[in-house]
Amino acid sequence: MTTDGDAVATASAPGAPVDDAARIAELEKENLKLRKINRALMDRVERSMDAQGSAFSMFQTSVMLGQVVRDRTAALAEVLSDLETSNRALMRARDEAETAKGRLSDAIESVSQAFALFDADDRMVLANSKYQALWEPLGVAIAPGTSFSEIARLTVDRGLVRAEGEAREAWIARRIASHHDPKGAQVYALADGRWVQINERRTRDGGVVSVYTDITDLKQREAEQREQELAQKSRLLQSTLDNLSQGVAVFDGDLRLVAWNRRFFDLWRMPLDLAQEGAPLEAFLLVAASRGEYGLGDPAHQAREQRAILLRTLPSYWERGLDDERVLEMRHHPMPDGGFVCAYTDITGRTRAAEALRDSERRIRLITDAMPALIAYVDADLTYTFTNLAFEAWFGRSRDAINGAAVRAVQGEAQFQRLKPYIDQAMAGQTVAFEIEEPRGDGTLRIARKSYIPHLDGMGKVIGFFVLTHDITGERAAEQALRDAYETLERRVDERTAALTELNRQLSQEVAERRAMEEALRAAKTEAERANLSKTKFLAAASHDLLQPLNAARLFSTALLEKRLSPANRTIAHSIDKALGSVHTLLNALLDISKLDAGAVQVEASAFPLDSLLGELAAEYGGVAAARGLRFRHVPSRGVVVSDPRLLQRIVRNFLSNAIRYTRTGQVMLGCRRRGANLEIGVWDTGPGIAIDKLDLIFEEFRQIDSTAPTDRERGLGLGLAIVERVARILAHPVQVRSWPGHGSVFSVIVPLACGTEVTAAAPAMTARGVTVGARVLVVDDELAICQAMDALLSGWSCRVVSALSADEALRHLAAGGPPPDLVIADYHLGADATGVDAIERVRAATGWRMPALLITADHSTALHREAAARGYPLLNKPVKPAQLRSLVTHLLGSAGPQTVPAGEAG
């Protein structure tokens, strides 16, 4: 066991710690321990006795205890003496350390920069007041012993520097890494706008000395210098821009104006109030769209569309003609920051000069191509640069195959060697004329007379020569023939006389044959005219005799579908209606094509506001599109066009019908775009589209490209576009088709605008309110089957129908107390020279108000359409399409209002 003496020896051993506080604490602990042992021993002596109770044993024990106490007391005195010596040395060392520390603090405080000292454990030991001043605005004091990682985090948390989100941890990690491994000066921007440069280096004991220098003034001077340099560069750039002949504008990544010159605004004719920094690109495009530079339509929509096209096509090059006959070259170049530079140049003079050169070249080409002689130009490199049509035909090669090719390659080596002496003379400045045998491209050998005429520049240097070649093979043959004729003149005279006699006989016979042929042609022409007249009469008869019963059948089938039928009967009824619709469509198409091919359709062109035609079609097809679940959009137009309204309506109607038929989802749009002196009427759809290689096929008869139309829809017969093509050809209106497979198509027709005529505002399209339940409808038709069919159909639409076979019968019904009708539907031909127009006027006079009315007829003549339009009556051709009839009835009833018949019109 360890004795008390051992403990004291251990405490005073040479290897004991020299730290004064620890040593004092250890000695006090040992002293307390010895006192406790002393008290315990004294207590034991007083109370203990040996087994015999001997007083001597007790005395002996006390003597021994006294000796031990004296030994321990001596050892304690020695330790206390050593402690006092150590304490005095410690005090001296502490005073010296305090003195050194004070001197170090004074030295650090005298430094002009912020200073901090960190020990090997990366904890702050010393820092001067300037270092603490960095933290004073944040209300933070960095105490000695604070770790550098805590200081780095405080730098971000207290906002000494700006760092958000993930950037906070990244900044802290970078700062700690640069502190642990200092590699030179680090510059940081503080949140309050100051700049600090930190220089750090390792001490010998593994610590780090950090010196913080405020370089805000230096940074500000650098920033001011940079700003001055940038301002100077900006002034130089602006001066350069202002002295350019081009118009230049720069738009930044946000598409806002940042630099420009006055020439840009002059060339594009932009208002100067846009000449300010930050002006948006769309404002410029809106001005251009408002001037009609992008065609007709909503300027705001056109500006957005042009902006998307511009950004999508960068870099781009356009040549655009303005309405003042100037031509601008527009170049747009992207910049790395996402903006772009516009460079506009007035190339009107260059364009006109180029066009003049092209016109001159075309005229020269036209003249030289019309000449029978072979004309060519050979440059100094002995290469053909120009040839006329006769030259190309001689060698059997295209112009592109000869122009740019060497004379040696075109003529062949052997022929070139024969021509070489003459070529050398021409290149020496001499005009050369000679005759030579020259092979044609087919290998035949001909005799040619050639002329080489040198071409001199302004300095008199030969830069090429002109080649003029005449084929004189015929002349040489004629000369030989003359020589032969002189030698055998009499024999040839006899032969020629006989030949002329025979030729005269043949000519007489040919004249007789031609007379007979002309007579046969006159007879054939007469027969063709009779056949054409018969065909026209047949078409007129077919238009009435075939369409009347078909019209009645179609009306009956539609009326049947309005009834409550069993599923099986409804399926049959649907099939009947669909079959009748197909027959109706096919018959109308065949009749139309027959009339067009026979030339029975006459064009009656006039100037009329286009929106009157398009508005009617929009009202008709808007409901049809809605029934198929499609959005229908009509963009009104103020344009006045020159065309036949009836034939033009047929073209646009076919476009709309096809678009609605083949579009499954999305929308159909009807609108116009200005194309110079013309107007493009177009129908846009979001249907399946048409492949490019099939666009020409769709105008053939019975040709159907799209085979994916749903079975429950009415499919076309492949005749609609064939009719469109014929009608457009008669009207001289070009038809265009653009399609994007999978995205949709646009069918359009180009119509000339009327000169100097424009409607000031587009009439708003009438919105139908639906068929009024209980509406009174008067049907006037001289065929009972038609009346019955119309009665069944209209009754199915909740109308109250009164049928009459003539106008007199209708008037008798009204005279008997029948209520006046809300709508009159009359057949045009009522027999005995009576017409539906007369019947409508008599009913209006009898009732005293102008109720809406419409005409139905199988007559497709232009005169009838013109009369109906003049009187303001809508006209439907038989057989009537129930959907079309219902749409028109709904429109007429929905837009009708009480209108009294003027006194002058009664009767």
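Where is L255 found? L255 lies in the loop between β6 (247–251) and β7, and its phi is near 60°, a positive value in a residue other than glycine. The structure is a predicted model, in which local features need pLDDT of at least 70 and side-chain atom pairs count only at pLDDT 80 or more, whereas totals for chains, interfaces and linings use all residues. Residues are numbered from 1 along each chain as its sequence is written, and side-chain values use heavy atoms, with hydrogens and water left out. Helices (H or I, at least four residues) and strands (E, at least two) are DSSP runs, numbered from the N terminus.

Axes here are lines fitted to C-alpha atoms, for helices over the stretch in contact, and angles run from 0 to 180 degrees between N-to-C directions.

The loop between α10 and β8 holds P315, and the peptide bond joining L314 and P315 is cis, with omega of about -15°.

Helix α10 also has a helical partner. Two packed helices are described by the angle between their axes and the distance between the axes. Helix α9 (residues 281–290) and α10 pack at an angle of about 125°, and their axes are 8 Å apart. That angle makes α9 oblique to α10, given that angles under 35 degrees count as roughly parallel, over 145 as roughly antiparallel, 65 to 115 as roughly perpendicular and the rest as oblique. The crossing of α9 past α10 is right-handed; a crossing is right-handed if the near helix is turned clockwise from the far one by less than a right angle, and left-handed if anticlockwise. On the α9 side the contact is made by L281, E282, L285, L286, A289 and S290, and on the α10 side by P299, A300, Q302, A303, R304, Q306, R307 and L310. These residues of the contact of α9 with α10 divide into eight nonpolar, three polar and three charged, where Ala, Val, Leu, Ile, Met, Phe, Trp, Tyr, Cys and Pro count as nonpolar, Asp, Glu, Lys and Arg as charged, and the others, Gly among them, as polar.

A further open sheet of five strands has the order β12-β11-β15-β14-β13, with antiparallel pairing. Its edge strands are β12 (384–387) and β13 (432–439), each pairing on one side only, and the twist averages 25° from one strand to the next. Eight bridges join β13 to the antiparallel strand β14 (residues 445–456), and E435 has R449 in β14 as its bridge partner. Helix α15 (residues 413–427) packs on the sheet, where it touches β13, β14 and β15 (462–471), and its direction makes about 165° with that of β13. Helix α16 (residues 473–487) likewise lies across β13, β14 and β15, running at about 130° to β14.

Strand β11 (residues 374–379) pairs with β15 in the antiparallel sense over six bridges, and Y377 has F466 in β15 as its bridge partner.

What, finally, meets in a salt bridge with R153? The side chain of E169 does, at 3.2 Å from N to O. R153 lies in helix α5 (residues 148–157) and E169 in helix α6 (residues 166–180), so the pair ties together parts that are 16 residues apart in sequence. With a salt bridge taken as a side-chain nitrogen of Lys or Arg within 4 Å of a carboxyl oxygen of Asp or Glu, the count comes to 29 salt bridges.

Notes: Pairing = 2+ DSSP bridges. Contact = heavy atoms within 4.5 Å.
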